[in-house]
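Please read this briefing with the sequence and the model side by side, taking one topic at a time.

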Amino acid sequence: TQQLAAAMPHNPTKSAEYGEANGLAPSAGASAEAASRRPLASCLSEENQNAKTGGVAPEGRNNTIDSLERVRVDSAGQVLTTNQGVAISDNQNTLTAGVRGPALLEDFVLREKITHFDHERIPERVVHARGSGAHGYFECTEAITDITRAAPFQKAGKQTPVFVRFSTVAGERGSKDTARDVRGFAVKFYTDEGNWDLVGNNMPVFFIQDAMKFPDLVHAVKPEPHHQMPQAASAHDTFWDFVSLMPESTHMLMWQMSDRAIPRSYATMQGFGVHTYRFVNDQGQAMLVKFHWLPVAGTHSLVWDEAVKISGADPDFNRRDLWERIEGGAYPQWDLAVQLFTEEQAESFSFDVLDSTKIVPEELVPLRVIGRMTLNRNPDNFFAETEQAAFCVANIIPGIDFTNDPLLAGRIHSYFDTQLLRLGGPNFHEIPINAPIVQVHNNQRDGFHRQAIHRGRVAYEPNSLAGGCPFQAGMQGFVSVAARNESREGVAKMRAKPEKFAEHYAQARLFLDSQTPAEQDHMAAAFRFELSKVTVPAVRERMVASLRNVSDEFAAKVAQGLGIDPLPEPLPLAIARPPAPEVTQSKYLSLMARPGDGSIAGRKVAILVANGVDGDFARQLQQELLARGAVGRFVGTRIGPVKAADGSSLDADASLENSPGFLFDGVVLPDGCDALQHDGHLWETLRDTWRHCKPIAAVGSARDLLGRLLPEAGEREDDQALVLAEKGQGDAVQAFMAALGAPRDFTRESDPPKV
Ligand code: HDD
C-alpha cells in the first residue's frame, strides 16, 4: 500500500491552481513531452512500470495483482465488524426487548446486515450471462511496430496483464455450461496506454450483419416470453423462425451446429475478434486486421450425447475445468494470430470484409502469430471480478481502430450502455477489475459510487487556473485513422447495405465442405435435433429450404431425419448472380486441423478401483498422469478405501455414482478390478466412454470384464483409443496417453447408436 501510495501522484497541478508557481505552465511530470509520443508521464510505461505496478509479471503471477492488491480483503485473524468498522459482539441474536420480546428498530447491526443482503443482486448480462473469468498475461513474441503502435505489440517479450471472461450466450447466469451455443471470448488488455477490450467469440462469424437486428436475434433465441422455456437452448420455434427468415445467418448456423458449439474446455477452443479492425502505425498508416486466438492445447470438443449428460451431472463443467487447470498449473494458453491485409486486397475479395457473416479464408490471408496469452490466476472473488468485469467494444487504444462494419458500430454503443444499467451508474470504470493500470485524468465528475477524489476547483477545459491540465495529448493520444469512407456512394445518409452483403451461402458451403465426414454427420444430427424440437412444420421446412442453398445433399440428410419428403423448393436467393468464391475448401476450418501439441495437460482420467485391484499400477498411472499435468482419479463403487491385491490401501476419492464416466476424458480398468462387474454404473461408464469415442484401457483380467460388459469393443480392429494390455506391459500406458492427447476417432460412432 505504501508503495502504491508513493506511486500515486499528489496533485501535481495543485500549486498552479492557486497561482503559487509557474502560472499557466504545466508543472514537470504533469505533461507529455511534446517531442516524443510516449511515455505520457502520467501513464504506465516500461520505464516507470516497476514503481507503478510492481514490475513485469514474473512467471506464475501477473501484475494486475498489484493494482487489485489495495482492495483485497483477507479476514483471517480479524474480528467481525459492521460496514462502519464497528466490532460486532453477537452475530447470532437480534436485539430484542426482553428475551421473548419484540425486535428493536435500533438494532443497526441486524438492519445493516439484512439490508445489504436484500441488495446483493445486480442484473445479469442481457446476453452472455453465464461466464467464467481468469487473470493472465499476454506476451508479445514478434514486435510489429511497422504495422501498429498498439502498446502490447511494441517489443518481443513485453508482457501486458489481461483478464479474460468466457461465456455462453443464451442461458441465464445459473444455466449449464455445456449448452449448444456460441462461446464468448472476451479479453481485457490492461495496456500502458489504457484498456483494450477484444470482445470476441469462439466462432469467427455472426448471425446478423447489422446491429439493428441484434435485439430481434436475442429475443428469438432466449427462452420464449410466455413460458420462459427452453433455458440455454436454441432448439425452439422462435429461434428457428427468425434464422430461417434471415438467410445471412446460415453461415453462422453451420458453425453453431458444429462441434465448436460444445467445446471440451475453454482451453481447447479458438477465439476470434470477428470484425475486421484496423492496425495503425506511428505514421498513421493503416492495415486491416482480423484477430484469432489459437489454443496451444488444440481444438477439442465434446459430442452431443456427452454434452447433454454432462449438463445434468456437472452444469459447471467448463467453469470447473478452467478453475482446476489454473489451480493445477496446467495454464491455458493461446497464440494470438493476425490476418493482415490492405484495403486494395479487401476490395478484390468476392465478399465484403465489413460483413461479419464472412471470414477471410486463411488461404487468402495467412495467419501471423504475434504473441501468446497465458491464464495463470483464478479470481479471488467471482462477483467482484468476473461478474463486475465490464467489457466494451469501444475500449480501443492508439494503434487500433474500427472499420465501418455496421454490426461493430452498434456494439461500440451497446456495451457501455448496458454497463450503466448493470453496474448502476457511470463510474463502473473505477471498479477495480475494470480500472486501467494507467492513471485516469479528465474533467468527468460525480455520479453514483464515485471513488476518485478529485482535488482542486477546476473541472473544465480550457482552463488557466489549473495550468491547462489535464490537457489534450494531440497526436500522442488516440487519433482516429483518417479512414477513407468505405461507402462507394459517398456520404449521403441512407439505410442500405453494400451489394456483396447480399450473398449468404458461399461461405456456409465452404465451412460444410471443409469438415471431415464425421463432423458433417454431427452437423446434420445437430440440425435434426434442433429442428425436431420446433413445433411448427412450416419453420422446419423453411430451414430445410434455406439449407438447399448450401447443399442439396446436406439438406436432404436433415430433411430425412425430420420426415420431410419431398424436399421443399430452395429459398429464393437475394442476389441473382453471386460472385464466385476464391476458396471452396479450407483445411483450416475443421476442428481436426488444429489438434494441438498432443499434450494431455488438464485432462481427467477415471482409474477404476475395487478390492483386489493392482494397486501399484493404479498409483503409478496416477503419478504419471500428474507428471504430465493431467488428473487421474480413483473411482470406485463408493468413495473411501479399497484393498489392493497386494494388501495396500487405495483411497477412492470419487464414485461411479457421483462422477459418472462421461465426465472423464478416458477410463482405465486396471488388472483385478473385477469386483466392479455387478455395478451397473460401470456398464454405463464403459458404454458412454465408448460411444463418445474416448480412450479405454483394460489391463490383465480387466480385459475379460470389458469384453463382457462392452462386446462391441471386441468387434473393432485397429481402434487407437482402445488399449488392451497384459499385466505389466509398460507401453500400454503410453498408448493410452497418446490416445488421450489425440483428437477423437469417430469411426466408432453410428447414428442412432447401436445396441
Ligand atoms: Fe455482444 C456481451 C461478443 C454482437 C451487445 N458480447 C458480449 C460478450 C461477448 C460478446 C463475448 C460478453 C462479455 C463479457 O464476458 O462480459 N457480441 C459478441 C460478438 C458479437 C456480438 C463476438 C458479434 C460479432 N453484442 C453484439 C451486438 C450487440 C451486442 C451486435 C448489440 C448491438 N453483447 C452486447 C451487450 C452485452 C454483450 C448487450 C451483454 C453484457 C455486456 O454486453 O456487457 O451489450
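By class, the shell around the ligand is made up of 12 nonpolar, 10 polar and 3 charged residues, where Ala, Val, Leu, Ile, Met, Phe, Trp, Tyr, Cys and Pro count as nonpolar, Asp, Glu, Lys and Arg as charged, and the others, Gly among them, as polar. The model is a predicted one, in which local features need pLDDT of at least 70 and side-chain atom pairs count only at pLDDT 80 or more, while totals for chains, interfaces and linings use all residues. Residues are numbered from 1 along each chain as its sequence is written.

**The ligand shell**

- In total, 25 residues surround the ligand, and the closest are Arg125, His128, Arg165, Gly184 and Gly410; a residue counts as near a molecule if its C-beta atom, placed from the backbone, lies within 6 Å of it.
- The elements that give two or more residues to this shell are strand S2 (159-168), strand S3 (183-191), strand S4 (194-201) and helix H13 (406-422), with helices (H or I, at least four residues) and strands (E, at least two) being DSSP runs numbered from the N terminus.
- Helix H13 gives the most to the shell around the ligand, with 6 residues.

- UniProt, in an unreviewed entry, places the feature "domain: Catalase core" at residues 81-469; its positions are given in the numbering used here, feature names are shortened, and annotations may be inferred rather than shown by experiment.
- Over residues 81-469 the chain is 22% helix and 19% strand, and the C-alpha atoms at the ends are 41 Å apart.
- For "active site", the unreviewed UniProt entry lists His128 and Asn201.
- These two residues span 74 residues in sequence, yet no two of their C-alpha atoms are more than 10.5 Å apart, so they gather at one spot.
- Histidine 128 has its place in the loop between helix H5 (108-118) and strand S1 (131-140).

**Helix H16 against helix H17**

- Helix H16 (residues 537-547) and helix H17 (residues 552-562) pack at an angle of about 160 degrees, with their axes 8 Å apart; axes are lines fitted to C-alpha atoms, for helices over the stretch in contact, and angles run from 0 to 180 degrees between N-to-C directions.
- That angle makes H16 roughly antiparallel to H17, given that angles under 35 degrees count as roughly parallel, over 145 as roughly antiparallel, 65 to 115 as roughly perpendicular and the rest as oblique.
- The contact is made by Arg540, Val544 and Leu547 of H16 together with Phe554, Ala555, Val558, Ala559 and Leu562 of H17, where two residues are in contact if their C-beta atoms, placed from the backbone, lie within 7 Å.
- The residues of the contact of H16 with H17 divide into 7 nonpolar, no polar and 1 charged.

**Helix H7 against helix H16**

- Helix H7 (residues 237-244) and H16 pack at an angle of about 40 degrees, with their axes 9 Å apart, and they are therefore oblique to each other.
- From H7, the residues making the contact are Asp237, Trp240, Asp241 and Ser244, and from H16 they are Val539, Arg542, Met543 and Ser546.
- The residues of the contact of H7 with H16 divide into 3 nonpolar, 2 polar and 3 charged.

**Helix H15 against helix H17**

- Helix H15 (residues 517-532) and H17 pack at an angle of about 40 degrees, with their axes 9 Å apart, which makes H15 oblique to H17.
- H15 contributes Ala524, Phe527, Arg528, Leu531 and Ser532 to the contact, and H17 contributes Phe554, Lys557, Val558, Gly561 and Leu562.
- The residues of the contact of H15 with H17 divide into 6 nonpolar, 2 polar and 2 charged.

**Backbone details**

- Most residues other than glycine have a negative phi, and most peptide bonds are trans.
- The peptide bond from aspartate 565 to proline 566 is cis, with omega near 0 degrees, and proline 566 lies in the loop between H17 and strand S11 (604-608).
- Aspartate 751 and proline 752 are also joined by a cis peptide bond, with omega about 0 degrees, and proline 752 is in the segment after helix H22 (731-741).
- Histidine 449, a residue other than glycine, has a positive phi near 60 degrees, and its place is in the loop between H13 and helix H14 (506-513).
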